[in-house]
Amino acid sequence: MRTTISQSWHWQAIVPSRFVARAFLLWFVTVLFGWTSVDRRWGRIGSKGQGVTLSFPDRAQAEIIARQVRERRKSAFKRIGVGYQEVE
């Protein structure tokens with residue numbers, strides 16, 4: 001039996017003067033049969049938002065995607081004019 005491994009990250013970009021209130025969540029979990037899923041959810045805070053789940057047969061591929069998503073959050077200021085802050 002495999003052990004389930006899970007990690008998650010949560011970011012928010014909030015600037016009331018610019019009417020920006022966005023959230024981004026990233027989950028990285030190894031599921032029962034050894035596949036690894038990367039689940040992303042994003043949208044305006046308080047709305048239903050959007051999301052996508054990708055599954056990979058090996059953990060290394062999922063880690064690459066998760067790392068790319070985390071790096072993209074760092075470039076948000078250049079793209080939307082507001083940087084994301086990590087939420088504990």
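**Chat about the core and the sheet**

Reader: Hi! Which residues have the most contacts inside the largest nonpolar core?

Author: Trp11, Phe24, Leu26, Phe28, Val38 and Tyr84 do, in a core of 15 residues. A nonpolar core here is a set of buried Ala, Val, Leu, Ile, Met, Phe, Trp, Tyr and Cys residues joined through side-chain atoms within 4.5 Å. Buried means under 20% relative accessible area, exposed over 50%, and partly exposed in between, with a 1.4 Å probe and protein chains only.

Reader: Which elements give two or more residues to this core?

Author: Strand E1 (6–15), strand E2 (20–30) and helix H1 (59–74). The largest share, four residues, comes from E2. Helices (H or I, at least four residues) and strands (E, at least two) are DSSP runs, numbered from the N terminus.

Reader: Before we go on, what sort of model is this?

Author: A predicted one: local features need pLDDT of at least 70, side-chain atom pairs count only at pLDDT 80 or more, and totals for chains, interfaces and linings use all residues. Residues are numbered from 1 along each chain as its sequence is written, and side-chain values use heavy atoms, with hydrogens and water left out.

Reader: And what is the mean pLDDT of the chain?

Author: The mean is 88, and 94% of the residues reach 70 or more. That score is the predictor's confidence in each residue, from 0 to 100. Confidence is lowest in helix H2 (residues 76–80), with a mean of 83, and highest in E4, at 95.

Reader: Nice. What order do the strands of the sheet have?

Author: The sheet is open, with five strands in the order E4-E3-E2-E1-E5 and antiparallel pairing. Strands pair if DSSP finds at least two bridges between them. The edge strands, E4 (50–56) and E5 (85–86), each pair on one side only.

Reader: How many bridges join E2 to E3?

Author: Nine, with E2 and E3 (residues 36–44) running antiparallel. Leucine 26 stands opposite arginine 40 in E3.

Reader: Switching topic: is threonine 30 buried or exposed?

Author: Threonine 30 counts as buried because its relative accessibility is 7%. This residue sits in strand E2, and its side chain makes a polar contact of 3.2 Å with that of arginine 59. A polar contact is a pair of N or O atoms within 3.5 Å; within protein, one must be able to donate a hydrogen and the other to accept it, and residues adjacent in sequence count only if both atoms are side-chain atoms.

Reader: Last one: where is phenylalanine 19?

Author: In the loop between E1 and E2. Phenylalanine 19 is exposed, at 68% relative accessible area.
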